[in-house]
Amino acid sequence: MSAITIRTDIRPGDLGYITYLVGIIYAKEYGMTLLNDIEVATFLTHFIQHYTPEKERLWVAETDEHIVGCILVYEESPGVAHLRSLILHPSVRGRGLGRQLMQLAIDFCREVGYQKITLETFDELQAALHLYDSFGFQLTGERFHAEWGRPVREVQFELVL
């Protein structure tokens, strides 16, 4: 596999590719349905329509012109950033890319002046939970739902900067 590059410019096709990546990985690994694809596509569309580059960012990891990972930060409220869409293709896991993307996102949040970062995920993503814990994120809540096509325990975290 070629070297992985990370970029922050948003290009045509990125939103569809990221939706596809999340869709195929979460369907195969966690049994999610098209409801998850719809939720991701709806969120990404809203993100781009309201994108404020000074306060928000999308990092896209790619190799051989294929997206293999991403993470994004958007402004949830004044002083509060929300971390979303950390995803890695299975072929690049275990190489430190998730940690690198997290560090870029957290550094950006500090540079912009956010006081806190929030995120939510579901409790089956053990590698992601470990990563969030290693950066100091604290569990703040949970809820059970089936919005992504099957029942999950969603967990919320925050990091005070």
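Trainee: Which side chain meets that of Glu154 in a salt bridge?
Mentor: The partner of Glu154 is Arg143, at 3.0 Å from N to O. A salt bridge here puts a side-chain nitrogen of Lys or Arg within 4 Å of a carboxyl oxygen of Asp or Glu. Please note that this is a predicted model, in which local features need pLDDT of at least 70 and side-chain atom pairs 80 or more, while totals for chains, interfaces and linings use all residues. Residues are numbered from 1 along each chain as its sequence is written, and side-chain values use heavy atoms, without hydrogens and water.

Trainee: And where do Glu154 and Arg143 lie?
Mentor: Glu154 belongs to strand E7 and Arg143 to strand E6 (residues 138-145), so their pairing ties together parts eleven residues apart in sequence. Strands are DSSP runs of E with at least two residues, numbered from the N terminus.

Trainee: Is Glu154 buried or exposed?
Mentor: Glu154 counts as buried, at 5% relative accessibility. Arg143, by contrast, is partly exposed at 34%. The classes are buried under 20% relative accessible area, exposed over 50% and partly exposed in between, with a 1.4 Å probe and protein chains only.

Trainee: What about Lys116, which residue does its side chain meet in a salt bridge?
Mentor: Lys116 meets Glu158, with 3.4 Å from N to O. Because Lys116 lies in strand E5 and Glu158 in strand E7 (residues 152-160), the pair ties together parts 42 residues apart in sequence. Lys116 is partly exposed, with a relative accessible area of 26%, and Glu158 is also partly exposed, at 24%.

Trainee: How many salt bridges are there in the whole structure?
Mentor: The search finds eleven. Some share partners: Arg7, Asp9, Arg11, Asp14 and Glu62 are joined into one network in this way. Within it, Asp9 pairs with Arg11, their closest N and O atoms being 2.7 Å apart. Asp9 is partly exposed at 35%, as is Arg11 at 39%.

Trainee: Changing topic, which residues have the most contacts inside the largest nonpolar core?
Mentor: They are Tyr26, Val73, Leu83, Met102 and Phe137, in a core of 51 residues. Such a core consists of buried Ala, Val, Leu, Ile, Met, Phe, Trp, Tyr and Cys residues joined through side-chain atoms within 4.5 Å.

Trainee: What is Leu83 in contact with, leaving aside its neighbours within four places in sequence?
Mentor: Leu83 is in contact (heavy atoms within 4.5 Å) with Ile71, Leu72, Val73, Met102, Ala105, Ile117, Thr118, Leu119, Tyr132 and Phe137.

Technical notes:
Helices (H or I, at least four residues) and strands (E, at least two) are DSSP runs, numbered from the N terminus.
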